[in-house]
Amino acid sequence: MLPIQQMIAEIEAEVGYTAGMTGRPELSEQVREAMRQVPRHMFVDPELMDEAYDNYPLPIGYDQTISQPYMVAIMTDLLEPKPHHRVLEIGCGSGYQAAILSLLVQKVISLEIVGPLARSARERLARLGYHNVEVIEADGQFGWEQQAPYDGIIVTAAPEDIPQPLIDQLAPGGHLIIPVGARYMAQELLDIHKVTEDEVITKGVLGVSFVPLTGGA
């Protein structure tokens, strides 16, 4: 079995195992196919190439990580992406999550506060042909009001509290998928569904462990 096929098999097994918590007994075929198509080895450091398709996070420098493939898959599935959607990502990192999203939506705006990571991700995504991703060096705590509202927002690092600008910049009907909690303490992945401008439903999904979301006032 090829490494990427093994990765998909491990993701699907974990999706089944966590179905009682996530409400997702299986991934949508669109998300599964996106996970098959994006070469994860192009988004990890060369010295970690042999681990590129293992189902766990890997360091990418600057105290940041490329997320576990299962977590990328389940968060993407919870976002319920559609081809006409515009999605905001907070925490571009090496660009892997943005690449997955780019195959599923019309436009991805990805914010990264660490300058060298933002620049390398921008170059990498362009070189690999993910031309519907715009990488912006900015503080994700404040979102990106210039292009709001967004059909979905996905956050790949954990703030201690939900940043209000992200809820404000989410379009009615959209989902904000975000891990919340203090570093080295209990964190929870939340699915925040903005039903209307005045109605927001928050659902706890999974216990998780993410690097902290930096920045903020």
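Glu33 is partly exposed, at a relative accessible area of 31%; that label covers anything between buried (under 20% relative accessible area) and exposed (over 50%), with a 1.4 Å probe and protein chains only. The model behind this value is a predicted one, where local features need pLDDT of at least 70, side-chain atom pairs count only at pLDDT 80 or more, and totals for chains, interfaces and linings use all residues. Residues are numbered from 1 along each chain as its sequence is written, and side-chain values use heavy atoms, with hydrogens and water left out.

Glu33 has a charged partner: it forms a salt bridge with Arg36, with 2.7 Å between the closest N and O atoms. A salt bridge here takes a side-chain nitrogen of Lys or Arg within 4 Å of a carboxyl oxygen of Asp or Glu. Arg36 is partly exposed as well, at 36%. About one helical turn separates Glu33 and Arg36, because they sit 3 residues apart in helix H3; helices (H or I, at least four residues) and strands (E, at least two) are DSSP runs, numbered from the N terminus. Salt bridges with shared partners link Glu12, Glu29, Arg32, Glu33 and Arg36 into one network.

Within helix H3, Arg32 and Glu29 are also 3 residues apart, so about one helical turn lies between them. Their side chains meet in a salt bridge at 2.5 Å, N to O. Arg32 is buried, with a relative accessible area of 11%, whereas Glu29 is partly exposed at 41%.

In total, the structure holds 10 salt bridges. Another one pairs Asp77 with Arg24 at 3.3 Å, N to O. Asp77 belongs to helix H4 (residues 69-79) and Arg24 to the loop between helix H2 (19-22) and helix H3 (29-37), so this pair ties together parts that are 53 residues apart in sequence. Both Asp77 and Arg24 are buried.

Then there is the sheet. It is open, has 7 strands in the order S5-S4-S3-S6-S7-S8-S9, and its pairing is mixed; two strands pair if DSSP finds at least two bridges between them. Strands S5 (133-137) and S9 (199-208) stand at the edges with a single partner strand each, so one side of each has no neighbour in the sheet. On average, neighbouring strands are turned by 15 degrees against each other, direction ignored; axes are lines fitted to C-alpha atoms, for helices over the stretch in contact, and angles run from 0 to 180 degrees between N-to-C directions.

Strands S3 (residues 86-90) and S4 (residues 107-112) run parallel and are joined by 5 bridges. Ile90 stands opposite Leu111 in S4.
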